[in-house]
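Please open the model in your viewer and keep the selection tool at hand. The stops below follow one another as a short tour.

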Amino acid sequence: MCSVSSCSRKTRRWPLCIFYGMLNAANVNSYIIYKENLERVGNRQIISRKKFMLQVGKALITPWATSRLLLPLPRSLQFLITTVGNIPSPGSAAGSPGTSFSDSRSALVRCCECPVKSDRKTRHRCNKCVKPMCPRHMYPVCGDCI
């Protein structure tokens, strides 16, 4: 079963070869257990091994990706994580107290993260504590709220 669909990649590093082998074995074993459990119940349709492998991979990646979205990342990387992983961005949550980039019509206020010397003004705010933050420091939440 491992030779039909595998998660292995071409590498010269032997620890990665061992890791990929363990992932393949774990995937085959978990699919066999899944299939046997559903056959015992008998009322559910069994998905293919490829779909099962994709679902397991997504389930393993989703918690890491959502925690990664809370860190300061370039917008292109945030967009990539939200679209590929189909994960809603934390800044787009409905009912969040902060203002987003599109509907910011409040007065200009000095960014709380920038030094006073730079005197950088902004309309944007943290989504949790509503502190003013310039686009350079604007993340879904500020460093204090993480």
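Is Tyr34 buried, partly exposed or exposed? Select Tyr34: its relative accessibility is 22%, so Tyr34 counts as partly exposed, where buried means under 20% relative accessible area, exposed over 50% and partly exposed in between, with a 1.4 Å probe and protein chains only. Rings of Phe, Tyr and Trp (its six-membered ring) pair if their centres lie within 6.5 Å, and planes under 30 degrees apart count as stacked, over 60 as edge-to-face and the rest as tilted. Because Tyr34 lies in helix H1 and Phe52 in helix H2 (residues 49-69), the pair ties together parts that are 18 residues apart in sequence; helices here are DSSP runs (H or I, at least four residues), numbered from the N terminus. Phe52, at 10% relative accessibility, counts as buried.

A note on the model belongs here. This is a predicted model, in which local features need pLDDT of at least 70 and side-chain atom pairs count only at pLDDT 80 or more, while totals for chains, interfaces and linings use all residues. Residues are numbered from 1 along each chain as its sequence is written, and side-chain values use heavy atoms, with hydrogens and water left out.

Next, select Tyr31, which lies in helix H1 together with Tyr34, three residues apart, about one turn of the helix. Tyr31 is buried, at 7% relative accessibility, and Tyr31, Tyr34 and Phe52 form one aromatic cluster. By the ring rule, the count comes to four aromatic pairs. One of them joins Tyr31 and Tyr34, whose ring centres are 6.0 Å apart with planes at 35°, so this pair is tilted.

Staying with H1 (residues 14-41), move to Met22, which is exposed, with a relative accessible area of 53%.

Finally, go to helix H3 (residues 75-84), where Gln78, Ile81 and Thr82 are buried. These three cover an arc of only 95° around the axis, which puts them on the same side of H3; the arc is that of the directions from the helix axis to the C-beta atoms. The buried residues of H3 pack against H2, contact meaning heavy atoms within 4.5 Å. Turn to the other side of H3 and you will find Ser76, Phe79 and Val84 exposed. Just after H3, end at Asn86, which takes a positive phi of about 55°.

Note on methods. Helix = DSSP H or I, 4+ residues; strand = E, 2+ residues; numbered from the N terminus.
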